[in-house]
Amino acid sequence: MEKKIIMSLVTIVAALMLSACTGNTNKKESQQEMQTNEMAEKDMEGMDHSEMNPSSNELPEGLKEAENPKFGVGTKVIIHADHMKGMDGAEATIVGAYDTIVYTISYAPTNGGNRVTNHKWVIQEEIEGAGSEPFEPGTQVIINANHMEGMEGVTAKIDSAEETTVYVVDYTSTNGEKIKNHKWLTESELSSP
C-alpha cells in the first residue's frame, strides 16, 4: 500500500513538473513570437519609408517603356500598396509604364539607419553592372538608386525577382500630401477605380 502511495505521489509530482516545464516553454515561445512580431513591425516601419525620396524625376538609363501596359499613361488607378504612409487606397495617375525586372532587396543603409528588409522595389536598371538576365534571390548587388536616404551605393541582397511592368505615379495620399513621380508600383499593386 505504501508503495502505491509513493508511486502516486511521484507520478503527481512528475506531472506537475512536466506541466510547469510546458508552461515555461509556451511562455518562451510566446516571448519569441512577440519578439518576432516586433521585428516584423520594425521591418514594416522600414517599409513605411519616412525618408523616401518619392518625387525624383530621374529615370535610370536603359529603361524601356512598356509597349502594352495594363494601365496607360494618364490612366486613373487605385493604389493597393503601403510603401509610404497614406498610399494604400489613394487614387493615382499613371505617369510612366516600363517593362523590366523588379526586385525586393534587404540592406544596411549607408547613413547608419536600421537594416531595411524586403524593400519594394528596385529595378534591373538600378543595379550596378546588371545585364538583361534576372539576379537570383540571395545574390549580393550594388544599388544605384536613391529612393531612400542611405540607399545609393549600398550592397544589398536580392530577396525576390519578377519580370513585370512597373509604374511611376502621381497621387495624393490619404492624408492629403501630393506625391509626384513615385517609383515603383507593379500591376498587382494597382486597380481601376
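1. The side chain of N111 has a polar atom 3.1 Å from the backbone nitrogen of G113. A polar contact here is a pair of N or O atoms within 3.5 Å; within protein, one must be able to donate a hydrogen and the other to accept it, and residues adjacent in sequence count only if both atoms are side-chain atoms. The side chain of N111 also makes a polar contact of 3.5 Å with that of E149.

2. This is a predicted model, in which local features need pLDDT of at least 70 and side-chain atom pairs count only at pLDDT 80 or more, while totals for chains, interfaces and linings use all residues. Residues are numbered from 1 along each chain as its sequence is written, and side-chain values use heavy atoms, with hydrogens and water left out.

3. N111 sits in the loop between β3 and β4 (116-123). Helices (H or I, at least four residues) and strands (E, at least two) are DSSP runs, numbered from the N terminus. The C-alpha atoms of N111 and G150 are 4.9 Å apart, although the two residues are 39 apart in sequence. N111 has a relative accessible area of 38% and is partly exposed; buried means under 20%, exposed over 50%, and partly exposed in between (1.4 Å probe, protein chains only).

4. Which residues have the most contacts inside the largest nonpolar core? They are I79, I94, Y167, V169, Y171, L185 and L190, in a core of 17 residues. At least two residues of this core come from each of β2 (76-79), β3 (91-107), β6 (155-172) and β7 (178-186). A second, separate core has 15 residues, including I101, V116, I143 and V154. A nonpolar core is defined as a set of buried Ala, Val, Leu, Ile, Met, Phe, Trp, Tyr and Cys residues joined through side-chain atoms within 4.5 Å. In soluble globular proteins, nonpolar side chains tend to be buried together.

5. Leaving aside neighbours within four places in sequence, L185 is in contact (heavy atoms within 4.5 Å) with I79, A81, H83, M87, W121, T165, V166, Y167, V169 and L190.

6. Two salt bridges are found in the structure, the criterion being a side-chain nitrogen of Lys or Arg within 4 Å of a carboxyl oxygen of Asp or Glu. One of them joins D170 and K180, at 3.4 Å from N to O. This pair links distant parts of the chain, with D170 in strand β6 and K180 in strand β7, ten residues apart. D170 is partly exposed at 21% relative accessibility, whereas K180 is exposed at 51%.

7. K157 forms a salt bridge with D159, and the closest N and O atoms are 2.8 Å apart. K157 is partly exposed, at 31% relative accessible area. D159 lies in strand β6, and the side chain of D159 also makes a polar contact of 2.6 Å with that of S106. Apart from neighbours within four places in sequence, D159 is in contact with T104, I105, S106, N118 and P137.

8. β2 pairs with two strands, pairing being called if DSSP finds at least two bridges between them. β2 and β3 run antiparallel and are joined by three bridges, with K76 opposite T93 in β3. Two bridges connect β2 to strand β8 (residues 190-191), also in the antiparallel sense; here I78 stands opposite S191.
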